[in-house]
Amino acid sequence: MHSKGPIFRLKISSRIEELDAVRTLVGRASQAYDLSEDMTYWMELTITESMINAIRHGNQCDPTKEATLKISRSGRSIEIVVEDQGAGFRLDEVADPTDVRNLLKPSGRGILIIRSFMDEVNLSRRPGGGTRLTMVKKLAAGSA
C-alpha cells in the first residue's frame, strides 16, 4: 500500500499535562487526512485514551519515561501506534468494564472504547521493553 499524506510523530514525557500536544497532533493529522468531524472526534478520543493508558498504566506517570505516538495513512486505512516504557500487560487480562462487578470502577473503559471504534487492535512487546499498541481504522470508500 502507498502512503497517503504525512506521518505524524510525537514523543512526550509521562505527564497528563502533555495530552494537549496529543490532541493538537491528532487535529493536524485529521486535517491532513481530510477526516470528517465525526471521525476526528473518535480518533481524538481513542488516541487520547491510548496515551492516557501509556502514561498512567504503562509508565506509572514517571516523567522520566516517554510515551510515543505515530499516526500514518496508507490507502483507506489509518494506523496509530502508541508505545510506552512500562512492564506491559495482555489485552485478555483487562477486566471487562461492562461486568456488573466493574461498572462503578473509575478505570477500565479505555480499552473498551478503543476496541469499539478501531477495526484492529494489537498489543505487543516493544523492542527494548515496554508495550506497543497498534490500532487500525479502515475508512469507508467515498468518505473519510
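Is Asn-53 buried or exposed? In this predicted model, Asn-53 counts as buried, because its relative accessibility is 18% and the cut-off for burial is under 20%. The residue lies in helix α2. Beyond its neighbours up to four places away in sequence, Asn-53 touches Gly-58, Ile-111 and Ile-114. The sections below set this residue in the context of the whole chain.

The chain holds 3 helices and 5 strands. Along the sequence, these elements follow the pattern β-α-α-β-β-α-β-β. The chain has 144 residues, and 41% of them are buried. Contacts between residues at least 6 apart in sequence were also examined. Of these contacts, 65% join residues at least 24 apart. The accessible surface of the chain is about 8100 Å². Carbon and sulfur atoms account for 51% of that surface.

The strands were then followed pair by pair. Strand β1 spans residues 8–13, and β2 spans 66–74. These two strands pair in the antiparallel sense, with 6 bridges between them. Phe-8 has Ile-71 of β2 as its bridge partner. Strand β2 also pairs with β3, again in the antiparallel sense, over 7 bridges. Here Ile-71 stands opposite Ile-80 in β3. Ile-71 therefore links to both sides: Phe-8 is bridged to Ile-71, and Ile-80 of β3 lies opposite Ile-71, where pairing requires at least two bridges between the strands. The hairpin of β2 and β3 has 2 residues between the strands. In this hairpin, Gly-75 takes a positive phi near 55°.

Strand β3, residues 77–83, pairs with β5 as well. This pairing is antiparallel and runs over 7 bridges. Ser-77 has its bridge partner in β5, namely Lys-138. Strand β4, residues 120–125, is joined to β5 by 6 bridges. Strands β4 and β5 run antiparallel. Val-121 is bridged to Met-135 of β5. The hairpin of β4 and β5 has 5 residues between its strands. Gly-128 in this hairpin has a positive phi near 90°.

Asp-34 has a phi near 55°, a positive value in a residue other than glycine. Asp-34 lies in the loop between α1, residues 19–32, and α2, residues 37–58. Asp-34 counts as exposed, because its relative accessibility is 60% and exposure begins over 50%. Cys-61 is another residue other than glycine with a positive phi, again near 55°. The loop between α2 and β2 holds Cys-61. Cys-61 is partly exposed, since its relative accessible area is 40%, which falls between the cut-offs of 20% and 50%.

Ala-32 is found in helix α1. Its relative accessibility is 40%, so Ala-32 counts as partly exposed. Ala-32 and Gly-5 are 27 residues apart in sequence. In space, their C-alpha atoms are 6.6 Å apart. Leaving aside neighbours within four places in sequence, Ala-32 is in contact with Pro-6 and Phe-8. Phe-8 is the residue whose bridge partner in β2 is Ile-71.

Open space was the last feature examined. Rolling a probe the size of a water molecule over the atoms shows where empty space is left. The second largest pocket has about 160 Å³ of space. Strands β1, β2 and β3 each supply at least two residues of its lining. The lining includes Arg-9, Leu-10 and Lys-11. Thr-68, Leu-69 and Lys-70 also line this pocket. By class, the lining has 5 charged, 3 nonpolar and 1 polar residues.

Key. Residues are numbered from 1 along each chain as its sequence is written. This is a predicted model: local features need pLDDT of at least 70, side-chain atom pairs count only at pLDDT 80 or more; totals for chains, interfaces and linings use all residues. Side-chain values use heavy atoms; hydrogens and water are left out. Helices (H or I, at least four residues) and strands (E, at least two) are DSSP runs, numbered from the N terminus. On a 1 Å grid over the protein atoms alone, a cavity is a set of points where a 1.4 Å probe fits but cannot get out, and a pocket is an open set with protein on both sides within 12 Å along at least five of seven lines; lining residues have an atom within 4 Å of a point. Grid points are joined across faces, edges and corners, and a volume is the space filled by probe spheres set on the points. Ala, Val, Leu, Ile, Met, Phe, Trp, Tyr, Cys and Pro count as nonpolar, Asp, Glu, Lys and Arg as charged, and the others, Gly among them, as polar. Buried means under 20% relative accessible area, exposed over 50%, partly exposed in between (1.4 Å probe, protein chains only). Contact means heavy atoms within 4.5 Å. Accessible areas come from the Shrake-Rupley method with a 1.4 Å probe; for residues, only the protein chains shown count as cover.
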